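This report describes helix packing, a pocket and local backbone features. The structure to which the report refers is shown here.

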Amino acid sequence: VGICPRRCTHCHAHRVARLSKDPQAIKEEVTMLIKITLLIFILLEFSNVASLYFFPGSKRANAMGVFSAWEKSKQYPEIHDLVRYLVYWVAGAKLIFLLLLGLIVAFADLSLQRLSLVALALATLTFFWRLFPLARKMDREGQLQPQKYSLVLGGLIMALIILFTLAAIFG
């Protein structure tokens, strides 16, 4: 067993022990890590879907209550109907996606599960292309409550991207 520059024999001993395991046991551990990662994401997103469908005005689970425009739209029934339609449309699209992801967790092989993590990381990165700049603008203009909500949301989404990437690489 080698010693790393920090004199950490435990890290090397752990790697050697893992390499000496049965390949099937390693594959099972990797599969479980990937499934746990995907299930965590499914649960987080399902809470958002439930909020959008049943409590769209909530300030929890990334629902619409954080946007001041949600309440303002109620003053104009035609606009509020459009906003509600779009909220339900997003919830429905997310639900379709989550059910398909659930099927991947339940029935797909390891390589497809790993590829789904890569796809999730890439797709989630698009948040920073259009949504994050808009959320930051609304946050600066006082349209989001609590203040700095966009930064918290951006941090959470970046953590998910890192989780997906790490699970795809090491899983």
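## Basis of the description

Axes are lines fitted to C-alpha atoms, for helices over the stretch in contact, and angles between them run from 0 to 180 degrees between N-to-C directions. The model treated here is predicted.

## Packing of helix 6 against helix 7

The axes of helix 6 and helix 7 come within 8 Å and cross at roughly 155°. Since angles over 145 degrees count as roughly antiparallel, helix 6 is therefore roughly antiparallel to helix 7.

On the helix 6 side, the residues in contact are Phe132, Ala135, Arg136 and Asp139, and they meet Tyr149, Ser150, Leu151 and Gly154 of helix 7. By class, this contact holds 4 nonpolar, 2 polar and 2 charged residues.

## Packing of helix 2 against helix 7

Helix 2 spans residues 23-54 and helix 7 spans residues 149-170; the two pack at an angle of about 160°, with their axes 9 Å apart. That angle makes helix 2 roughly antiparallel to helix 7. The crossing of the pair is left-handed.

Helix 2 contributes Val30, Leu33, Ile34, Thr37, Phe41 and Leu44 to the contact, while helix 7 contributes Leu160, Leu163, Phe164, Ala167 and Phe170. The residues of this contact comprise 10 nonpolar, 1 polar and no charged.

## Packing of helix 2 against helix 4

Helix 2 also packs with helix 4: their axes come within 9 Å and cross at roughly 155°. The two helices are therefore roughly antiparallel to each other, and helix 2 passes helix 4 in a left-handed crossing.

From helix 2, the contact takes in Lys35, Leu38, Leu39, Phe41, Ile42, Glu45, Phe46, Asn48, Val49, Leu52 and Tyr53. Their partners in helix 4 are Val87, Tyr88, Val90, Ala91, Gly92, Lys94, Leu95, Phe97, Leu98, Leu101, Gly102 and Val105. The contact divides into 17 nonpolar, 3 polar and 3 charged residues. Phe41 of helix 2 takes part in the contact with helix 7 and in the contact with helix 4.

## The largest pocket

The largest pocket has a volume of about 1400 Å³. Its lining consists of 38 residues, and Asn48, Val90 and Lys94 are among those that lie nearest the centre, together with Asn62 and Leu131. Asn48, Val90 and Lys94 also belong to the contact between helix 2 and helix 4.

Two or more lining residues come from each of helix 2, helix 3 (68-73), helix 4 (77-107), helix 5 (110-125), helix 6 (131-140) and helix 7. Helix 4 gives the most, with 9 residues. By class, the lining of the largest pocket has 30 nonpolar, 6 polar and 2 charged residues.

## Local backbone features

The peptide bond from glutamine 145 to proline 146 is cis, with omega near 5°. Proline 146 is located in the loop between helix 6 and helix 7, the two helices whose axes come within 8 Å.

Alanine 61 has a positive phi of about 55°, although this residue is not a glycine. The position of alanine 61 is in the loop between helix 2 and helix 3.

Conventions
Residues are numbered from 1 along each chain as its sequence is written. This is a predicted model: local features need pLDDT of at least 70, side-chain atom pairs count only at pLDDT 80 or more; totals for chains, interfaces and linings use all residues. Side-chain values use heavy atoms; hydrogens and water are left out. Helices (H or I, at least four residues) and strands (E, at least two) are DSSP runs, numbered from the N terminus. Angles under 35 degrees count as roughly parallel, over 145 as roughly antiparallel, 65 to 115 as roughly perpendicular and the rest as oblique. A crossing is left-handed if the near helix is turned anticlockwise from the far one by less than a right angle, and right-handed if clockwise. Contact means heavy atoms within 4.5 Å. Ala, Val, Leu, Ile, Met, Phe, Trp, Tyr, Cys and Pro count as nonpolar, Asp, Glu, Lys and Arg as charged, and the others, Gly among them, as polar. On a 1 Å grid over the protein atoms alone, a cavity is a set of points where a 1.4 Å probe fits but cannot get out, and a pocket is an open set with protein on both sides within 12 Å along at least five of seven lines; lining residues have an atom within 4 Å of a point. Grid points are joined across faces, edges and corners, and a volume is the space filled by probe spheres set on the points.
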